[in-house]
Structure formats: C-alpha cells, structure tokens
Amino acid sequence: MSYTILEKKQIAPQVHLMKVLAPDVAKAAKAGQFIILRIDETSERIPLTIADFDAGEGYVTIIFQEMGKTTKQLAKMSDTDVLQDFVGPLGKPADVQKLGTVILVGGGVGIAPVYPQVKAYREAGNKVISIIGARNKDLLVLEDEMQDASDELYVATDDGSKGHHGFVTEVAKKILDSGEKIARIVVIGPPILMKVAAGMTAPYGVETIVSLNPIMIDGTGMCGGCRVSVGGETKFACVDGPEFDAHKVDFNLLMSRLGLYRSEEAQCQEDHNCTCRSGN
Amino acid sequence: MVARQLMPHQDAKERARNFDEVALGYTKEQAIAEASRCLECRNPKCVQGCPVNIDIPGFIAQIKTGNFGDAIATIKLTNSLAAVCGRVCPQEVQCEELCVLAKKGEPVAIGRLERFCADHEREKGVVTPVRTQPSGRRVAVIGAGPAGLTAAADLAKAGHAVTIFEALHDTGGVLTYGIPEFRLPKAIVREEVDYIRQLGVDLKVDYVIGKIKTLEDLRGDFDAVFLGTGAGLPNFMGIEGENLNGVYSANEFLTRVNLMKAYLFPDHGTPIKRGKRVIVVGGGNVAMDAARSALRLGAEEVSIVYRRGEDELPARKEEVENAKEEGIVFRLLTNPVRILEGENMTVKGVECISMELGEPDESGRRSPVPKEGSEHIIDADIVIIAIGTSPNPMILSGSDGLKVGSRGTIVVDGSARTSLENVCAGGDAVTGAATVISAMGAGKLAARTINDYLMNN
C-alpha cells in the first residue's frame, strides 16, 4: 500500500506535523487511538498517537519529534511523498464521558495526542482545563489550537520562557489545591512526566489516566513486545490500552523496556552518520 | 526396493550461521528415482492422509515420465500453495504415514516430490491461471494466512469476487512472520501469493478488521465472510521475571527476524537483541524455529527447555534433528520456575526445576511432575517463550452474535459454519495453534460451504 503525505511542516525545533491521506483510518479514528507507520520496505514500524483526523477530507494528522533514525528520516520527507504503510486506528479509544471538570495535561510532543481528547471531552459536555508544557517556549506545540479548544489553558516551561516557570504537574497541583472539584486528569507526555503526575495526584484520590507508548511491532496483540505491568497484571498496551489508570502503572518497568534497544539505536545512528559523511 | 532418496542439505556447521534455506531440494534425477518407488496403489491411502486431497499417485506418475508441468498442474487442482506445503507439512504423520511402503520401511517422499514440482515450475515461470466467469457474488476473507489464502483461491476459482483483508503490511500470515527464511524462503511465499492474486483475488494489507470495519460491516458489504484470523496472541507462563528486558514471546522474536528482517539490521531498521546464551521454552516447531534463529543471530549457546521428554516433543522429528545437528542443546524434563533479574531489569538466567513423567494426562501424553529439590540455574541473557498462542480477540469487537469457545476459539460446525449466517471460519482461529496444512484444509472446506451457500441463496 502507499499513503500520500498531504502536508508536512516543522512546528517546533525537531518537531514536525504531518497530514497523511488515509481515508479508511480517518473515518474510523477516535481520540486516544494510535497508528503504526512504515516509511519504506526496509523501515521499522513505529507507533504514533493520532493528533487529529478529518473523516471528510480523509486524512490523519501525526506530530512527531526527531529521536532515532526512523523519525529523522520521516522528518526529511515532504508534501506528496508517500509512506509505505499507515495502519490504524489501533488501540482502544479514550474513555470520554461527561464527568464535570477534567484536566488534560500534555508535555512536549505529548501535547499532540492530548489535543483530540480536549475536543472530545469538551464535546461530551465537560469543562476542560488544559495544561501544556515543554522545556522552553519554542518547543510548545499547538498552543493556539489548545487555546481555542479548551475552557482554560495554562502553560508551563522548564526554563520559564513562557507561563509558569516549572513543570506542568505543579500547575495541576495548584488547581487541585484550589479546591475546584476535578473528576479526572489525563496526562500524556514523556514517561517520567506521567510517573511524576501519577505520584502527585495519588494523595488527592483523583482518577488519573495516562497513555503509554512502549515499543511495539504489529500493534494488534500479536507480538507482546508492548507489555506493561498495570496493578501487578501484564497488559498489552496495543490492545488493552494505550490508556491505563496511572496509579497502577509500573513506570520503572515501562522506562526500562523503552531503553531496550538503546545500544542498537546508537549503532544505527553511527552507521547512519558514517554513510552521510562518506557521501560528502 | 530402491532406497528413499536423501534430501540434500546445507552443511550443518555452515548453515547454523546463515539464514539460507537448509534443505536444497531434489534434482530431476532424484525426483524421477524417488517417484519410481511409488507402487501406484489402486486404493491409495496417502490421499486420505492429505487434508487437501491432492491426487498423489497421479502427480507422482507424471514425475516418473518426466512430465513435471503436468505434475504441478495436478497438484494445483487442489492445492494453491504447493511450494509451501512441500516444505512445511508434517508429511510423516499425514500422507507418508499412510503410504504402503511405510509399513515395510520408508514411505515415498511425497512432500519432497511436491516441493520439487513447485520449484521446477517456478524456475521455468509459473503458468498464469485462467480466470473463471464471474458469479457476481462477493466474499470477504479476513487474514492472508494459509487458511485465508486457500479459501480465497478456491472461491476465486469458483468465480466469486474475493477481497482479503490483512492487518500486517505483508501477506502470508504465519508463513511470513513465523516460519523462518531458512525453512521457507519468503520469495517463495511471495510467488505463491502472487499466483493467488492472478486468480483475481484482491488483497488489502494494513487493514485491521475490528478497527476500520467490524465483522458486522463486512456481513453487510459482502455476500459471505471467511474468518481465517489465526492464533496470534502469544501465551506467557505467568512466572516471575517474564517482563524483564531480554524476554521475548516467540511471536515477537520471530516477527522481528522474519517479517521485519532484523537479522539484516541496521540495513533493515528493526533491531533485535542478539543473545550470547539463549533459552527457548517449549518443544514445538515454533520453539525449534526460534532456537535455530537465535543461533543464526550469533548466540554461543542456545538451549531448548522443555518440561516433557524427547518422545513428547511436539515438533516435527526432522526439525528436531536439524536443530540437534546445528548444535541446539536440549534440556528435556526441565521447567522454568522464574527468570532471574540482572542489571537494569535485564535477564541474567532462569531458575529451572527437573521433572519426571507421571500418569498420562487428558492429551494422552505422560504429564510431567516436578522433582523436589532439583532446582538449578541456567545462565541466559535472552529467554524466548514458545509455549503456544491463542486466537486474537480483536477481530471479535463488534460481532456480538459470533459464538466463541472457552479458549477464545471460534465455534464452527462440521462444514466450517459459525453461529452467524454467511460467516465461515477455519484454521488456528478455530482449532487453536495447529499446522499450516490443517488450516489450508479448513480453508478448502469453508470455500466449499460458502460456494454452496452462494449458489443456493
């Protein structure tokens, strides 16, 4: 199969947005689900959470950060290029219900998958307080879109270049301390952020949901590579998730398993750089 | 009586370090010599042993006279995946077991002859099949594995418009993601699938039924549906340490190696951990495939850990022998108790307990009982769990009326009909993990049932 890239733009340093023509996926997609893509015949399959979708226009939006060889290669692609494979929607949709007031937290590129959830929770009749954060203001993505979609938006940056000087979890804590009744908190971002958020909300007894993105191949329950420990039970993030109760997730295991191929990835980068240099 | 022709093999030492095919195939002379051993029984028992009822004496007689083109045509009347079956069917418990010569000694090497015919045709260029007059009926097949491909081929031959929906990016199912290159080269699978495409079958990859569309949707869009969704969900043992880094399901390990070609990393982007000391838990064909793949990835020692004895190994004898020749260590009557944790949540070994065989259990095999105080530790940096798979429940989302058994298998009657009208099922999704050929047999049966249904409705 082949899937045309309708639009590709850089939206922050090393962060890119891509609209991919995939009408079947766009028609079936719901907030909280993910896709798996493969650039070409020799590429690995990588999972990315859906950042937006348009059933009418038939496209799915993904937002990714350049991390390894595959995302770097993806970043070099442009409009009208084609992806070999684009499979989805995978995973269970987010459990969006009318609950009252909910807080949605996005950290770094984790803001992207939070965005469709903000819209979905709002549509379901909730008051949505969004908190987005990044290392600095240049790395904040979808700020305008989040502003439009949310009832309230708070911004935090690690270096204080915009909004609260510090972490998104500190902003969330302030809201919880204010006494406003919060029915649920959804946190998506780097595993360490989700771990800290889970620890922060636990004493408040607020239901806290995280979206996990472990290493996976097929995304349909076949390989078991994405297994995570939730409440002492082994779950496959691809079919049982990707969303889980944050207070039950073993984040240390998740983070350790995410690092499984670090040495291979480094070797790959070296080879990649070598090839680039020899080409000069 | 002439002795059975030996299959030429790649040398064991050499092949243990490459992914090229192990069995090299008969020469023309060998094929004719082997075919000449067939007694052409008037009442051939071998055909009864074949789940897809190939006219075995028929095609063997054609080999005898050197009519290889006719021989493959005879096979293809009932089997659209001859090159695959000739390589991976357990002939020793099917056609060859019932061969008259088996009683006196060695049966005719039917599987090797089937493979020869298919390979001979492929070398010369496969004859493009003639398409049948369209019936105007449409059938959806879910899953492009052995069951789905077979059902699709037979339905297309009957004139129906068939669309196969496959969740992965490539076709073949277990033939592509599970069985390694050295036992079944992927180029061969691709050519067999191309043949099925030439029959007029439309293949859609990257298409996840249960997500993009539900079974209910397909029942509305098509006149009939065949479910060949396989048994893709890996089982784990539920012991301590199973989520440590370095523990793989055999499915994941083999998918990385076969489908994603991790053995060619970094030229291919998918990595795999290349262990020094690898333990594979289980004794079936999948365990043998995983162990032999690990060896080819460069492991110093690969052990099979299996809780029963040699006679109980469910793997094909030929594969067990191949594995032994290549240097796989068999630790039989041994069962893992827990996986030991090293630095950074990695595996450093497996604590096992020795077993002895007790009374036969419901499977008829003598059940293993732990020997008290026999715990011991085997060092390992990679552990591969190959203790079986279960049907994948994902397909069932949005198909309430489909009757499913206790282990998640789809319930069918003797004609492959499910509890839903116009829906048939077959293969591992119905039986739980079994063989390629039994799935193909089920695909054929379902195709007959669906054809009858379409002709009468």
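At what angle do helix α15 and helix α16 of chain B pack, and how far apart are their axes? Helix α15 (residues 285–296) and helix α16 (residues 317–326) of chain B pack at about 25 degrees, with axes 10 Å apart. This makes α15(B) roughly parallel to α16(B), because angles under 35 degrees count as such. Helices (H or I, at least four residues) and strands (E, at least two) are DSSP runs, numbered from the N terminus. Axes are lines fitted to C-alpha atoms, for helices over the stretch in contact, and angles run from 0 to 180 degrees between N-to-C directions.

The model is predicted: local features need pLDDT of at least 70, and side-chain atom pairs count only at pLDDT 80 or more, while totals for chains, interfaces and linings use all residues. Residues are numbered from 1 along each chain as its sequence is written, chains are lettered from A and ligands numbered from 1 in the order written, and side-chain values use heavy atoms, without hydrogens and water.

On the α15(B) side, the contact (heavy atoms within 4.5 Å) is made by residues including Met288(B) and Leu295(B); on the α16(B) side, Val320(B) and Ala323(B) are among them.

Strands β9 (residues 101–107) and β10 (residues 127–134) of chain A pair in the parallel sense over 7 bridges. Leu104(A) stands opposite Ser130(A) in β10(A).

Key: Parallel < 35°, antiparallel > 145°, perpendicular 65-115°, else oblique. Pairing = 2+ DSSP bridges.
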